[in-house]
Amino acid sequence: MKPDLSFLLSVHKSSVRHLAIQTGLLYALCLAPFSPLTAQQHPSALPPPEPLTFNPPQPEIVTLENGMVLYILEDNELPLFNVKAYIRTGAIYEPPDKVGLADLTGRVMRTGGTPTRPGDQLDEELAFIAGSVEVNIGQSHGTASLSVLARHIDTGLDIFADLLMNPTLPQDKIDLAKRRTTEGIRRRNDNPRAVASREFYKVIYGKDSPWGRHATVETVQNITRNDMVAFHSKYFHPNNTMLAVSGDFTSDDIVARIREAFQGWERAEIDFLEVPGVRDPQPGVYHIEKDVNQSSIYIGHLGINNLNPDWYAIRIMNRIYGVGTFTSRLGKEIRSARGLAYSVGGGVTRGPARGPFYISCQTKAQTTVEAITVMLDITRKMREGPILDEEFEFSKNRLINSDVFNYASSSAIVDQKVYYKYYGFPDDYLESYIVRTQAVTKDDALRVAREYMHPDKVAIVVVGNEKKLDKPLSTLGPVTRIELTPTEGKTENQ
C-alpha cells in the first residue's frame with residue numbers, strides 16, 4: 001500500500017495558478033506606459049485610503065444532541081479537511097503535587113493510541129492517508145487536531161473521535177513520556193534566558209500559583225496512569241468540547257458524519273476546580289547566579305485579562321514601545337543607538353487571568369545595570385509622552401495590514417472563532433477587530449501606557465554572574481537571591 005500524496009499535487013497546482021496570476025500582473029505593469037507624476041498625482045496630494053474592512057465568511061454553528069458545538073466553514077478550493085477541537089481543561093486544574101499531569105495526558109493520548117489502533121499502528125494508518133492527528137493540553141485549554149484529504153474524511157474522523165473518546169494511555173508510553181519530561185527538567189537550567197523567563201513567571205504570579213508553577217522531577221514522578229485516566233475521564237466529554245471544522249464538504253453532510261463518528265460519546269456534569277486569582281508581585285530585584293558572560297533580564301508586573309477593552313489601544317502602544325526589534329523605541333535605543341543587546345522587546349500582554357507587562361533582553365554582564373536603567377527610562381518616557389504622528393501611524397497601519405493576512409484561510413478563521421468563543425469574547429470580536437483598531441487615537445495609546453505600565457513597581461529578574469556586573473544589583477532595589485535546583489527554586493533574602 002502506497003502513501004496518498006495527491007494532496008501535494010493539489011497544493012502545487014494551486015500555487016502554480018497563483019504564481020501565474022502574479023507574474024501576469026507584474027508583466028502587465030512592466031509594459032504599461034510610464035508617465036511622471038503631476039503635482040496633483042503626488043502621493044502627498046492623494047486622498048487618504050478608504051478604511052479597511054474585514055468581512056470573513058461566517059461559520060455555521062450546530063449543537064449536537066450530546067452537547068458538542070460545531071463551527072462549520074465550507075471551503076471547496078482545495079480537497080482538504082481540517083478539524084480542531086477545544087476542550088475545557090488544562091494545567092490550571094492539576095493537583096499541586098502532580099504538576100505536569102495535563103501535558104503528559106495529552107502527549108500519551110496521542111502516542112498511546114486506542115484499543116483498536118495502538119500508537120504505532122495509528123501512525124502508520126495516518127501516514128498512508130497523508131493525514132495528521134495531534135493532541136495537546138496547555139495551561140488553560142486542551143486541543144486535538146485532524147488534517148486529512150477530503151477523500152479520507154470518514155477514516156480521519158473515525159481515528160480522531162476514537163482518540164478523543166477511547167485513549168488507552170498504555171504504561172510503556174507513559175514511562176517514556178515521563179523519562180523525556182524528567183530529562184528536560186534536569187536540563188532546563190542550562191539555558192539562561194529560559195531560566196529568566198521561568199523564574200519571572202514564578203515571581204509575578206507566585207511559584208505555587210497555577211499560572212506560575214512548573215513541573216519538577218518530584219511532581220512528574222508522582223503522576224500515575226490512574227491519575228491520567230481520571231484526568232481524561234473528568235474533562236473529555238462532548239458537552240465540554242467545541243470543534244472548528246473547515247474544508248471541502250457540504251455542511252449537512254459533515255454534520256451527519258461527525259454525529260456518526262462520535263456516536264455513543266455521552267455528556268457529563270463536570271465539577272471544575274476553582275482557580276485562585278492572581279495578585280500583584282512584590283517589586284524588587286531577583287537574582288539567579290550563573291557563571292555566564294551575558295545577563296538574561298526580565299522586568300515587569302501583571303498586565304491585563306483577555307476581555308479588557310483597552311487591548312486595541314495597547315497593541316498599537318506595544319508596537320511603538322517594544323514589539324519589533326528594529327522599529328520600536330526599545331529596539332532603536334537599546335539595540336541600534338547603544339548596542340546593549342541584539343534583541344530586546346516588551347509590552348503589555350493579556351491572558352485568561354492577567355498576562356504580564358514585561359521587558360526582556362540579554363546583554364553582556366558588564367552592561368547589565370545600564371541596560372536595565374535605560375529600559376526603565378524608556379518606559380517612563382513612553383508614559384510621559386508625546387507619541388509622534390509618524391510612529392503612531394506606522395504602528396497602527398502595520399498592525400491593521402498584518403491582521404488581514406492572519407486570517408487568509410478558512411481553517412484560520414474558524415479556529416479563531418472557536419478560540420474567542422472558548423475564552424468568552426463577544427461573538428463579533430473577529431469581525432470588529434480592525435474597525436476598533438482603526439478607531440484608536442494617539443491619546444488612547446498614551447493613556448494605556450500610563451495606565452498599564454508602572455516602571456517604579458516592577459520585579460526585575462536577572463540571571464548572570466554577579467562578580468562581572470557593571471554595578472551592584474542593589475542599586476536598583478532590594479535584592480532577593482533565587483537558588484536553582486533541578487526541581488524548584490528556593491528564595492532567600494539578601
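**Note on the predicted model**

1. The protein contains 16 helices and 15 strands; helices (H or I, at least four residues) and strands (E, at least two) are DSSP runs, numbered from the N terminus. This is a predicted model, in which local features need pLDDT of at least 70 and side-chain atom pairs count only at pLDDT 80 or more, while totals for chains, interfaces and linings use all residues. Residues are numbered from 1 along each chain as its sequence is written, and side-chain values use heavy atoms, with hydrogens and water left out.

2. Of the 494 residues in the protein, 49% are buried. Buried means under 20% relative accessible area, exposed over 50%, and partly exposed in between (1.4 Å probe, protein chains only). The accessible surface comes to about 24300 Å², and carbon and sulfur atoms hold 53% of that area; such areas come from the Shrake-Rupley method with a 1.4 Å probe, and for residues only the protein chains shown count as cover. Among contacts (heavy atoms within 4.5 Å) with a separation of 6 or more, 81% are between residues 24 or more positions apart.

3. An open sheet of six strands has the order β1-β2-β6-β3-β5-β4, with mixed pairing; two strands pair if DSSP finds at least two bridges between them. Strands β1 (60–63) and β4 (132–137) stand at the edges with a single partner strand each, so one side of each has no neighbour in the sheet. On average, neighbouring strands of this sheet are turned by 15° against each other, direction ignored. For such angles, axes are lines fitted to C-alpha atoms, for helices over the stretch in contact, and values run from 0 to 180 degrees between N-to-C directions.

4. Within that sheet, strand β3 (residues 80–87) runs antiparallel to β5, and eight bridges join the two. Alanine 85 stands opposite alanine 144 in β5. Helix α14 (residues 410–422) packs on the sheet, where it touches β2 (69–74), β3 and β6 (241–247), and its direction makes about 165° with that of β6.

5. Alanine 150 lies in the loop between β5 (142–149) and α4 (153–165) and is buried, at a relative accessible area of 14%. Leaving aside neighbours within four places in sequence, alanine 150 is in contact with Pro79, Leu80, Phe81 and Asp248. Alanine 150 and phenylalanine 81 are 69 residues apart in sequence, yet their C-alpha atoms are 5.1 Å apart in space.

6. Phenylalanine 81 also deserves attention. Not counting residues up to four places away in sequence, phenylalanine 81 touches residues including Leu146, Val148, Ala150, Ile153, Leu157, Val245 and Ile254. Phe81 is listed with Leu243, Ile254, Ile258 and Phe262 as having the most contacts inside the largest nonpolar core, which has 74 residues. Helix α4 gives the most to this core, with eight residues. A second, separate core of 66 residues includes Phe54, Ala365, Tyr429 and Ala445. A nonpolar core is a set of buried Ala, Val, Leu, Ile, Met, Phe, Trp, Tyr and Cys residues joined through side-chain atoms within 4.5 Å.

7. Strand β13 (residues 459–464) is mostly covered, with six of its six residues buried. In a regular strand the side chains alternate between the two faces of the sheet. In β13 both faces are covered: Ala459, Val461 and Val463 are buried on one side, and Ile460, Val462 and Gly464 on the other. Strand β7 (residues 284–289) runs parallel to β13 and is joined to it by six bridges, with valine 285 opposite isoleucine 460. Strand β8 (residues 294–302) runs antiparallel to β13 through five bridges, and tyrosine 298 has valine 461 as its bridge partner there.

8. The structure holds 27 salt bridges, each a side-chain nitrogen of Lys or Arg within 4 Å of a carboxyl oxygen of Asp or Glu. In one of them, the closest N and O atoms of arginine 117 and aspartate 158 are 2.7 Å apart. Arginine 117 lies in the loop between α2 (101–112) and α3 (119–128) and aspartate 158 in helix α4, so the pair ties together parts 41 residues apart in sequence. Arginine 117 is buried at 10% relative accessible area, whereas aspartate 158 is partly exposed at 37%.

9. Glutamate 199 and arginine 198 form another salt bridge, at 3.2 Å from N to O. Glutamate 199 is buried, with a relative accessible area of 3%, and arginine 198 is buried at 8%.
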